[in-house]
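Biologist: I have just opened this entry and would like a guided tour. Could we go through it together, one topic at a time?

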Amino acid sequence: GEEAAAAIRRASAVSTGETQAVFVQEMSGESAVVFGVVRQTVDNDLLQQPRIEIVRAEIRMIETADGWKVNQVDILQTPVAPGAAAP
């Protein structure tokens, strides 16, 4: 919402991600489901140093005239720091 967006701007928040792995789980006609692992770095004025997290997601894709496009992303767990136990 608008309040969350304003808080993100006030904190000068930045989030970047680096794809670690992508695996095709299912393909059928013009749709596919892939599993992805992303190393996400989050930084803002409230953190003493950037926070690194591992995010696992299931991504639903559809094939269009312009190529494959993301249709839906489901985060499969709360992001965790590398080396930490998953919740």
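This is a predicted model: local features need pLDDT of at least 70, side-chain atom pairs count only at pLDDT 80 or more; totals for chains, interfaces and linings use all residues.

Biologist: How many helices and strands does the chain have?

Modeller: There are 1 helix and 4 strands, and along the sequence they follow the pattern α-β-β-β-β. Helices (H or I, at least four residues) and strands (E, at least two) are DSSP runs, numbered from the N terminus.

Biologist: In what order do the strands form the sheet?

Modeller: The 4 strands form an open sheet in the order β1-β2-β3-β4, with antiparallel pairing. β1 and β4 stand at the edges with a single partner strand each, so one side of each is left without a neighbour in the sheet. From one strand to the next the twist averages 30°; axes for such angles are lines fitted to C-alpha atoms, for helices over the stretch in contact, and the angles run from 0 to 180 degrees between N-to-C directions.

Biologist: How many bridges join β1 to β2?

Modeller: β1 and β2 run antiparallel and are joined by 13 bridges. Two strands pair if DSSP finds at least two bridges between them. Within this pair, V22 has G36 in β2 as its bridge partner, and E18 stands opposite R39 in β2. The two strands form a hairpin with 2 residues between them, and G29 in the turn has a positive phi of about 60°.

Biologist: And how many bridges are there between β2 and β3?

Modeller: β2 and β3 pair in the antiparallel sense over 12 bridges. V33 stands opposite R60 in β3.

Biologist: What joins β3 to β4?

Modeller: A hairpin does, through 2 residues. These strands pair in the antiparallel sense over 8 bridges, and E58 has D74 in β4 as its bridge partner.

Biologist: Changing topic, which residues make up the largest nonpolar core?

Modeller: It has 5 residues, namely A32, V34, A57, I59 and M61. The elements that give two or more residues to this core are β2 and β3, and the largest share, 3 residues, comes from β3. A nonpolar core is a set of buried Ala, Val, Leu, Ile, Met, Phe, Trp, Tyr and Cys residues joined through side-chain atoms within 4.5 Å.

Biologist: What share of the chain is buried?

Modeller: Buried residues make up 21% of the 87 residues in the chain. Buried means under 20% relative accessible area, exposed over 50%, and partly exposed in between (1.4 Å probe, protein chains only).

Biologist: How much space lies in the largest pocket?

Modeller: About 160 Å³ lies in it. Of the 15 residues that line this pocket, G36, V38, A57, I59 and V73 are the closest to its centre. A pocket is an open set of points on a 1 Å grid over the protein atoms alone, where a 1.4 Å probe fits, with protein on both sides within 12 Å along at least five of seven lines; lining residues have an atom within 4 Å of a point.

Biologist: Which element gives the most to the lining of the largest pocket?

Modeller: β2 does, with 5 residues. The elements giving two or more residues to the lining are β1 (14-28), β2 (31-43), β3 (51-64) and β4 (67-75). By class, the lining has 10 nonpolar, 5 polar and no charged residues.

Biologist: Next, where does S12 lie?

Modeller: S12 is in the loop between α1 (2-10) and β1. S12 has a positive phi of about 55° although it is not a glycine, and S12 is partly exposed, with a relative accessible area of 41%. The C-alpha atoms of S12 and L46 are separated by 9.0 Å, with the two residues 34 residues apart along the chain.

Biologist: Lastly, where is L76 found?

Modeller: L76 is in the segment after β4 and counts as partly exposed at 47% relative accessibility. L76 and R56 are 20 residues apart in sequence and 5.7 Å apart in space, C-alpha to C-alpha.

How values were computed. Residues are numbered from 1 along each chain as its sequence is written. Side-chain values use heavy atoms; hydrogens and water are left out. Grid points are joined across faces, edges and corners, and a volume is the space filled by probe spheres set on the points. Ala, Val, Leu, Ile, Met, Phe, Trp, Tyr, Cys and Pro count as nonpolar, Asp, Glu, Lys and Arg as charged, and the others, Gly among them, as polar.
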